[in-house]
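Hi,

Here is the structure I promised to pass on. Have a look at it first, and my notes follow below.

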Amino acid sequence: MTEEMYLHYHGLIVPKETHSYESLEFAQGFKFEDDDVLAVTYPKSGTIWMQEILPLVLNGGDLTPIHTIPNWERVPWLEEKQLARVVDKLASPRALVSHFPYNLMPPSFCTSKAKVIYVMRNPKDIMVSSYYFHQMAGFLEDPGTYDEFMDKFLEGKVMFGKWTDHMKSWRNSELGDRIMYITYEEMAQDLPAALRRISDFLGCNLTEEVIQKVAEHCSFKSMQNNNMSNFSLIPKVYLDHDKSPFLRKGIAGDWKNHFSSEQLTRFTSVISKELEGESFSLPWSL
Ligand code: A3P
């Protein structure tokens, strides 16, 4: 772990380029409104996909936000530096994203009625996506070999710590009807059906015509072609798409092209052990 690149905050490792002690404290003091909507993800689970989906669903399919505001400003990260700069510009109902585990959520979140969509992704695909992201993001340490990166991922020596801890914190959060769980795989398999679930959860009552329109504009291809969503506005020194595009493959199951059978056994045994005794079950087999 390269110390100059990361901050440690209540046991969590976060990149300094995008986070500061002040931004993390700003998040702690953030005042949630009852109609706020928060999408929570462990990194590489579909965060920017939700930054596309939420404004469209919340605004009846109006394309203006996704065509005029960069994703990191239209649906900002709760814990990142830019929130303080854009918070006053956010239209109501506000949409945010966060990689925080549940235990780091600010007090006002717990007392508000703000709704949460927790997006889960098969951790094997998360690891693959993260490996390539570490190659293209100039503000993250070099991932080393695939095998070395797997060790770091399993030990939680990566930004936002162990996937299992993140998952456990939100699966056990007992937020009742304030939280909805959805998987990346479900969205990849049938986006209109996933959008119907999201729209119902948020009480948006979108027509079938709008659902189809939103699905079209949130497709992998549309997002690849949307400069407000594909991070092409970020200088190459921070995100180098020649090394690996941010919108890389957009599929479920790419791990099959990367894991050896030994790595699969190692990965599965560590993750299974850490989830032993949990009352929730995983939506995919490991
Ligand atoms: P891959 O690297 O496997 O392609 P995050 O936004 O949390 O960092 O997650 C990034 C991952 O979500 C990347 O996965 C990216 O391609 C994928 N993604 C983003 N938008 C998507 C979409 N519309 N359809 C499918 N996958 C998408």
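A term to start with: two residues are in contact if their C-beta atoms, placed from the backbone, lie within 7 Å. Going by that, and leaving aside neighbours within four places in sequence, L195 touches I53, V57, I211, V214 and A215.

Bear in mind that this is a predicted model, where local features need pLDDT of at least 70, side-chain atom pairs count only at pLDDT 80 or more, and totals for chains, interfaces and linings use all residues. Residues are numbered from 1 along each chain as its sequence is written.

L195 also turns up in the largest nonpolar core, which has 65 residues; A39, M50, I53, L54, V57 and C218 are listed with L195 as having the most contacts inside it. (Such a core is a set of buried Ala, Val, Leu, Ile, Met, Phe, Trp, Tyr and Cys residues joined through C-beta atoms within 7 Å; buried means that 20 or more other C-beta atoms lie within 10 Å of a residue's own, again placed from the backbone.) The biggest giver to this core is α2, with seven residues. Over the chain, 36% of the 286 residues count as buried.

Cheers

Key. Buried ≥ 20, exposed ≤ 12 C-beta atoms within 10 Å, placed from the backbone. Helix = DSSP H or I, 4+ residues; strand = E, 2+ residues; numbered from the N terminus.
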